[in-house]
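Subject: Structure handover

Hello,

Here is the structure for your files. My notes on the domains and the ligand follow below.

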Amino acid sequence: MKLDNLLMKVEDGILTITINREEKLNALNKRTVKELEKAIMDAQKQKEVKAIIITGAGQKSFVSGADIKEFMGLTKQQGKALAKAGQIALQKIETCTKPVLAAINGYALGGGCELAMACHLRIASDNAKFGQPEVNLGLIAGYGGTQRLIQYIGKTKATEMHMSGAIINANEALSLGLVNYVVPQNELLTKSNELLQTIISKSPIAVSGVIKAVNAYFEPRIDGFAKELEEFSKCFTKNDFKEGVAAFLEKRKPDFYKK
Ligand code: COA
């Protein structure tokens with residue numbers, strides 16, 4: 001598979017994957033999700049790759065979400081398939097036995113926040129913004145966000161963020177425990193490489209053991225992911241979703257209560 005939407009660079013044992021759709025704020029279309037999955041599976045096998053950084057092109061956005069244009073007109077089944085593909089790709093990242101770090105260089109909204117949360121570590125630039133704004137579209141998170149946000153910041157704030165669609169800044173994300181560090185944007189990749197160089201100087205077997213053991217703590221979540229798929233795909237049968245997406249594309253506020 002040709003990687004049209006990703007830039008790949010290996011240096012000193014670290015593969016940097018840059019999501020390269022800057023003009024769409026690096027929104028994750030289906031193709032990019034597939035490419036990410038493929039890139040991680042290949043990296044898992046490549047001896048010269050000891051750790052992975054995922055970042056976004058440009059200085060404005062890490063990933064602004066799933067590509068909303070691809071949501072238009074989906075049936076419940078198609079919505080479920082789209083979210084399932086996203087869940088599978090992100091699970092490949094989470095279960096990768098080499099450390100994966102999200103270098104969050106701007107917006108990490110919806111699927112972008114979900115992608116960052118699937119990584120083992122997260123470093124944010126000081127202009128980063130986080131949120132699960134799917135409610136504005138008449139949707140809920142579908143790439144594991146309803147399950148993983150709780151794991152990082154607890155049920156109280158996670159429920160509020162999913163329900164309100166509120167966007168938080170990098171320092172709020174740090175104080176909630178959503179990210180490991182916040183750094184000035186021009187230091188983001190340096191700090192990310194430094195942390196990974198420390199980690200890859202340790203035993204790779206032990207580091208992969210840490211990944212597996214930490215993931216094991218959250219194993220009983222399988223039902224939660226299935227529930228998320230059910231609720232996500234149901235949204236596609238509702239008028240709220242049609243109105244939310246139409247409003248986004250028409251660059252206006254949605255009216256979920258119009259008669
Ligand atoms: N899906 C598809 N296209 C997206 C997108 C997404 N998630 N996020 C941004 N884009 C596109 C915009 O449609 C626009 O394309 P256009 O130039 O062809 O009109 C381009 O990226 C730039 O975005 P724009 O909205 O003009 O930038 P902004 O600086 O005014 O606003 C955001 C930035 C992130 C606040 C805004 O783009 C946004 O709200 N995006 C959607 C976030 C979201 O709901 N994510 C969850 C999706 S499930």
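Domain bounds here come from an automatic or database domain assignment. This is a predicted model, in which local features need pLDDT of at least 70, side-chain atom pairs count only at pLDDT 80 or more, and totals for chains, interfaces and linings use all residues. Residues are numbered from 1 along each chain as its sequence is written, and side-chain values use heavy atoms, with hydrogens and water left out.

Domains

The chain is assigned domain 1 (6-199) and domain 2 (201-249). Their centres, taken over C-alpha atoms, are 12 Å apart. Domain 1 puts 38 residues into the contact and domain 2 puts in 26 residues, where contact means heavy atoms within 4.5 Å.

About 2800 Å² is buried between domain 1 and domain 2, and carbon and sulfur atoms give 69% of that area. Buried area is the accessible area (1.4 Å probe) that two parts lose on being put together, summed over both. Polar contacts (N or O atoms within 3.5 Å; within protein, one must be able to donate a hydrogen and the other to accept it, and residues adjacent in sequence count only if both atoms are side-chain atoms) join 9 residue pairs between the two domains, both residues being at pLDDT 80 or more.

On the side of domain 1 that touches domain 2, there are 14 nonpolar, 17 polar and 7 charged residues. The classes are nonpolar (Ala, Val, Leu, Ile, Met, Phe, Trp, Tyr, Cys and Pro), charged (Asp, Glu, Lys and Arg) and polar (the others, Gly among them).

Ligand

The ligand has an oxygen atom 2.5 Å from a polar side-chain atom of Lys 24. For Lys 60, a side-chain N or O atom lies 2.6 Å from a ligand oxygen atom. A polar backbone atom of Ile 68 is 2.9 Å from a nitrogen atom of the ligand.

Regards
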